[in-house]
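Let's take a walk through this model together, one chain at a time.

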Amino acid sequence: MTPAQGIQCGSLNLAFSFAWARSIVEDFSLTPVPNAPAWLVGAANVEGEIVPVFDLASWAGDGASDALHTESGAGRARLLVGGFGDERAAIVFSGSARMVRYAPDSQKIAAGSALTPRLSAVMLAASETTPRHWVLDARQLLDQLAAELAT
Amino acid sequence: MSLTIRQKLLLSFGLLLALLLMLVAVDYLKIRDLRETLNKTQSKEAYLGRAQAALWEVRFIAPQLIAITDPVARNKLIASEPALHEAIDRDVAIYGSLEGLSLEEIAGHKKLTEIVTAYRERRRDLAKLITEGKAEEAAQWRAQYTTPLGESTVKAISDLIALTQRKDIERRANQDQAAESAKYLTLAIGTLTLLVGAVAATLVLRSLTRPIKRLLTVLGQLTEGDYTARVRLATKDELGQVGLALDQLLDERLESVANQAKENDRLNDSIIGLLQTVVQLSNKDLTALAPVTEDIVGTVSSSINQLSHETGLALGEVQQIANSVRQTSEHVVVQATQVDTTARAERLALKEMSERLAQTIGQLGEVAALSQNSSQAATQAAAANDAAMRTVDATVRGMDTLRESISEMDKRFKRLGERSQEISSVVGLINTISERTHVLAMNASMQAATAGEAGRGFAVVAEEVQRLSENARQATGQISQLVHNIQSETSDTVFMMNRLIELVVKQSERAQDAGAQMVQTRDTTSALVGLVKQIAAFSQQQGELAQQLRLSVAQLNDGALTTSEAIALQNQSTSTLLSFARRLTETVGQFKLSTSPAASLG
């Protein structure tokens, strides 16, 4: 069983491998990016580096996450920062993060699930823990986001 | 002598190259001699052969002149002869100028030159006679001079060619003999080259294979785990330097591995100490302190100590508040018991008053029938009325006391609600700490995953911290639920108190009304004493008044019954509140707290 970092984006329970996830940031200031799509909610200064912040709930077609409009409490917004150097990126999520575990052969479960086409394209596995988290391939996800930004 | 591999190879190949150059030089010289001999023999025969051909062509001109009658053709034929003579002279002269001619060939050449010169002069005179048309003289000249000289010239050339061919055969024989001797020399030099090359290759190969075998042996020992193996080559060439570098690398590597093992042991000790502390904290012993070391675990230990310290402080406050709630609830129970006792006494008093009113009504009924005993009956009625008034006064005072007690209880319940709010704020602080600890543990887990194998122990600690923060969050959730229940029960109790106060006020007003009616009854009874004769006339009126009084007492009795039921409900709520307060105390009491948390941190 492989551990992963589980987060909640809107109504989606997603997870990323520890090979990509680096830290959780609670206090941050978000700067909007002009003419950017709705799922690129802005850029944040994390430990002296500017990282783009993505809303995967909006990108996946699950509706915009309301975490950014919650100032405090359990539902307030946090950032999951991952990657190194120029490939660093952040995912906005709400609530508490949790550690989940998944088996490498759980891709069949993920492939048969009723997910949006965008999420299914970057799906890697499904967690064994409850509630079920969908483990995403971070590199493939960021390549997809970059390709959509370039068009 | 210590040589490097490069020097050894250069020396060996240089020696072989010198021997090969020597072999090539010998063969080249021999081949050059053979080529020169061949060129010389072929050239001499060629020059003489060409001169012989030109001579035959000159001699063939005379028969042609006899056969050809056309003057133009004859002149052309005669004009071509000098060129042929020049060719003969040139080839003969070239032959004589060649190197390496033997004495016999020089003598043959000299003789040929003389005959050719004489033949050319006789042929010029013959051509002159033919040109002048002196045929007979020309024939005589030809028979006498040119024909014998031509034959001599042909013979001289043929003899010289035969001599040259014989000499060339001798030269080739000599050259073959020299080539045979050169072949043996070439074979000797080649054999020597092979021997020298084999010896040099063997020496170089041995100087290379021995250190390499030693290196392979040491590498095999290292592969099998023998890290004490060393190369220690005696040579100072490149392989010797490689062996020395490998030995130094192994020494440094062993020292580094030993230092790494010590560092790992220290880190493992720190992690074990931290795990023991986490186990104590998991067993709700918040007095446990993790040893703070200088490594990375020390930071986590300090954070856990700070967390347990803050949690201990918060739980201490919760414990104090829970004790206050429990004491207040117990006090409320005592007061509720007093209220219940007072209400029971009130009901007894009302019952007694009701009985006396019934008795009064009966006596008033007898007034009409027993008018003759009216004075005595009036006296008894006045006495009963006084007693009823005292009872009503006692009831009014009891109501006032009850209202004051209930008001005090209401204030205490409101304070209880305020303290519950303080508990909620403290629980919120604990929940915030738990959430931050949870995030800290998640970040620690990700950093441990980034560290790979070295961070595995640290990942276990981070997971335990995460589980501890989750337990703390669940505990705060339970406490919040208990506080919420307390606040709800308190709110219901306050509501019941307010309702009870309203009932008591209403009952007090009714008792005061009863008292006022008692005063009126007393005045009426007093008037009965003086108006005995008017008793019959006013007996109906007194009966109605007594009936009204009885109804008022009945209403008062009903109010007292309602009050008793409200007090019973209040007692039930108070018991529930006391039960929750004790459960809260027990829940918080499961944590082992230090008597002086601030002092325990040092």
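Predicted model: local features only at pLDDT ≥ 70, side-chain atom pairs only at ≥ 80, totals over all residues.

Start with chain A, whose secondary structure comes to four helices and 10 strands. Reading from its N terminus, you pass through the elements in the order β-β-β-β-β-β-α-β-β-α-α-β-β-α. Chain A has 151 residues, and 42% of them are buried. If you take the contacts in chain A between residues at least 6 apart in sequence, 55% join residues at least 24 apart.

Chain B is built from 12 helices and zero strands. Its pattern along the sequence is accordingly written as α-α-α-α-α-α-α-α-α-α-α-α. Of its 602 residues, 26% count as buried. For chain B, residues 24 or more positions apart supply 82% of the contacts with a separation of 6 or more.

Now bring the two chains together.

Next, look at how helices pack within chain B. Helix 6 (residues 135-223) of chain B and helix 7 (residues 238-282) of chain B have axes that come within 9 Å and cross at roughly 15 degrees. An angle under 35 degrees counts as roughly parallel, so helix 6 of chain B is roughly parallel to helix 7 of chain B. The crossing of helix 6 of chain B past helix 7 of chain B is left-handed. On the helix 6 side of chain B, the contact is made by B:Pro211, B:Ile212 and B:Leu215, while helix 7 of chain B brings B:Leu239, B:Gly240, B:Val242 and B:Gly243. By class, the residues of this contact between helix 6 and helix 7 of chain B are five nonpolar, two polar and no charged.

Helix 6 of chain B also packs with helix 1 (residues 5-59) of chain B: the axes come within 9 Å and cross at roughly 170 degrees. Angles over 145 degrees count as roughly antiparallel, and helix 1 and helix 6 of chain B are therefore roughly antiparallel to each other. The contact of helix 1 with helix 6 of chain B has 27 nonpolar, 14 polar and 10 charged residues.

Which residues touch the most other members of the largest nonpolar core? In this core of 119 residues, they are A:Leu80, A:Ala90, A:Ile91, A:Val135 and A:Leu136.

A:Leu136 is worth a zoom. Setting aside its neighbours within four places in sequence, A:Leu136 is in contact with A:Leu14, A:Phe16, A:Val122, A:Met123, A:Leu124 and A:Leu141. One of these partners, A:Met123, lies in strand 9 (residues 123-126) of chain A. A:Met123 counts as buried because 21 other C-beta atoms lie within 10 Å. The C-alpha atoms of A:Met123 and A:Leu141 are 8.8 Å apart, although 18 residues separate the two along the chain.

Finally, check the backbone. Most residues other than glycine have a negative phi, and most peptide bonds are trans. A:Thr130 and A:Pro131, however, are joined by a cis peptide bond, with omega about 0 degrees. A:Pro131 sits in the loop between strand 9 and strand 10 (134-136) of chain A.

Two residues other than glycine have a positive phi: A:Asn35, near 60 degrees, and A:Glu47, near 55 degrees. A:Asn35 belongs to the loop between strand 4 (30-31) and strand 5 (40-46) of chain A, and A:Glu47 to the loop between strand 5 and strand 6 (49-54) of chain A. Are these residues buried or exposed? A:Asn35 is exposed, because 5 other C-beta atoms lie within 10 Å. A:Glu47 is exposed as well, with 10 other C-beta atoms within 10 Å.

Key:
Residues numbered from 1 in each chain as written. Chains lettered and ligands numbered in written order. Axes fitted to C-alpha atoms, helices over the stretch in contact; angles between N-to-C directions. Helix = DSSP H or I, 4+ residues; strand = E, 2+ residues; numbered from the N terminus. Parallel < 35°, antiparallel > 145°, perpendicular 65-115°, else oblique. Left-handed = near helix turned anticlockwise from the far one by under 90°. Contact = placed C-beta atoms within 7 Å. Nonpolar A, V, L, I, M, F, W, Y, C, P; charged D, E, K, R; others polar. Core = buried A, V, L, I, M, F, W, Y, C linked by C-beta atoms within 7 Å. Buried ≥ 20, exposed ≤ 12 C-beta atoms within 10 Å, placed from the backbone.
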